[in-house]
Amino acid sequence: MLAERTRRIAVSPTMKVASDALRLKAEGVDVVDLGAGEPDFPTPEHVANAAHAAIDAHFTKYTTNSGTDELKRAVCARYREDYGVEYTPTETIITAGGKQALFNATMCLFGEGDEVITHLPGWPTLVEQIKLAEATPVIVRTHSEDGFRLSAPAILAAITPRTRGIVINSPGNPTGALIAEAEMAAVADAAAARGIWILLDLCYEKLIYDATPHNLPRVLSERMRDRAVLCGSASKAYAMTGWRCGWALAPAPLVSACNALQSHSTSNVCSITQKAVVAALDGPQECVTDMLDEYRRRRDRMVGWLSADPRIGLRTPEGAFYLFADISALLSPDGLRTSAAFAAQLLDRARVAVTPGEAFDAPGFIRISYAASLDQLHRGAERILEFCR
């Protein structure tokens with residue numbers, strides 16, 4: 001009854017966790033939600049004020065499909081300041097979140113017969129988008145003992161004559177791992193020599209805890225600017241998940257193709273949102289630093305609290321706002337057999353929502369978001385420890 005392409009994909013499992021938690025909360029159940037993949041902070045005041053000003057000025061009509069020139073210039077200026085790379089408005093498109101930036105590029109670049117390399121454990125949307133484009137995902141696995149870091153040799157070993165693209169997410173969801181600049185440089189050199197595209201998902205680019213060199217845009221821009229796509233978002237850095245605004249920086253012909261695709265799907269991003277994101281990008285950045293500092297405190301507290309049970313395997317993430325905990329020692333054939341069962345029972349019995357590792361092709365793990373207040377995190381940690389006991 002339905003189109004063949006619907007058989008290749010499923011609803012995002014991360015969104016199912018959020019839905020289940022919201023349903024229980026609506027029923028009055030006291031749920032500690034550590035499954036959310038979004039900041040718990042309010043959108044910064046100066047950003048919200050810009051949206052109010054846009055409404056008051058009646059800036060409520062269609063904009064150019066690919067986004068306003070003002071916002072495109074703001075994106076280019078932010079990347080110039082942060083990474084030292086030069087892009088122009090004709091090489092920029094504004095999208096309904098980073099997810100659409102990646103979707104547009106994937107649909108415009110890949111097709112039947114192509115192989116596209118990406119990595120797991122990872123954000124499931126990257127694999128699903130490759131399938132929607134009728135290309136074949138080729139998976140490079142990362143491992144807990146290596147901190148889930150991507151290595152150039154592993155990626156290069158996956159290249160075949162059919163390889164058309166490589167999609168990398170750094171910092172990574174759910175692991176918080178970073179790809180080192182040297183590793184990215186080696187991948188970029190090999191990709192450039194073979195005419196392979198690299199799509200870089202920078203959704204968590206502002207959430208890196210230590211002074212780790214991570215100028216991936218410059219690495220790609222210097223080596224293969226004509227086949228690199230930088231996908232970013234206001235969602236995580238500025239606590240704007242619901243505003244739905246992202247962008248892609250890419251060669252002008254690809255941006256033009258993405259613009260054509262977007263013109264027949266969503267059209268422009270909300271005009272009011274665009275004004276707010278200009279304020280976010282052009283305005284003071286201390287709000288980003290303040291949120292990062294608070295995430296660091298939360299991360300360290302959660303690692304400390306949950307370490308009370310040695311059966312919970314923890315690695316301190318380098319970026320993003322998740323702990324990716326190994327709970328395999330808590331599973332058994334006579335009890336909870338899978339991390340999916342563990343997460344379901346944790347929600348049902350302890351009223352704590354987390355995301356099972358199966359959502360990221362990593363059975364035996366759970367993703368714990370620390371994008372919640374310290375009070376909520378402490379309550380959640382106590383409930384998790386009691387459930388494990």
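**Salt bridges and strands in a predicted model**

Reader: What is the relative accessible area of Arg80?
Author: Arg80 has a relative accessible area of 38%, so it counts as partly exposed. Please keep in mind that this is a predicted model.

Reader: Which side chain does Arg80 meet in a salt bridge?
Author: Its partner is Glu86, at 3.1 Å from N to O. Glu86 is also partly exposed, with 47% relative accessibility.

Reader: How many salt bridges are there in the whole structure?
Author: A search finds 25. One of them joins the side chains of Asp40 and Arg298, at 2.7 Å from N to O.

Reader: Changing topic, what is the strand order in the open sheet of three strands?
Author: The order is β9-β12-β11, with antiparallel pairing. The edge strands, β9 and β11, each pair on one side only.

Reader: Which helix packs on that sheet?
Author: Helix α11 does, touching β9 and β12. Its direction makes about 20 degrees with that of β9.

Reader: What about strand β2, are its faces covered or open?
Author: Both faces are covered. Thr92 and Ile94 are buried on one side, and Ile93 and Thr95 are buried on the other. Strand β2 runs antiparallel to β8, joined by four bridges, and Ile93 has Ala248 as its bridge partner there.

Conventions:
Residues numbered from 1 in each chain as written. Predicted model: local features only at pLDDT ≥ 70, side-chain atom pairs only at ≥ 80, totals over all residues. Heavy atoms only, no water. Buried < 20%, exposed > 50% of the residue type's maximum accessible area, 1.4 Å probe, protein only. Helix = DSSP H or I, 4+ residues; strand = E, 2+ residues; numbered from the N terminus. Pairing = 2+ DSSP bridges. Contact = heavy atoms within 4.5 Å. Axes fitted to C-alpha atoms, helices over the stretch in contact; angles between N-to-C directions. Salt bridge = Lys/Arg side-chain N within 4 Å of Asp/Glu carboxyl O.
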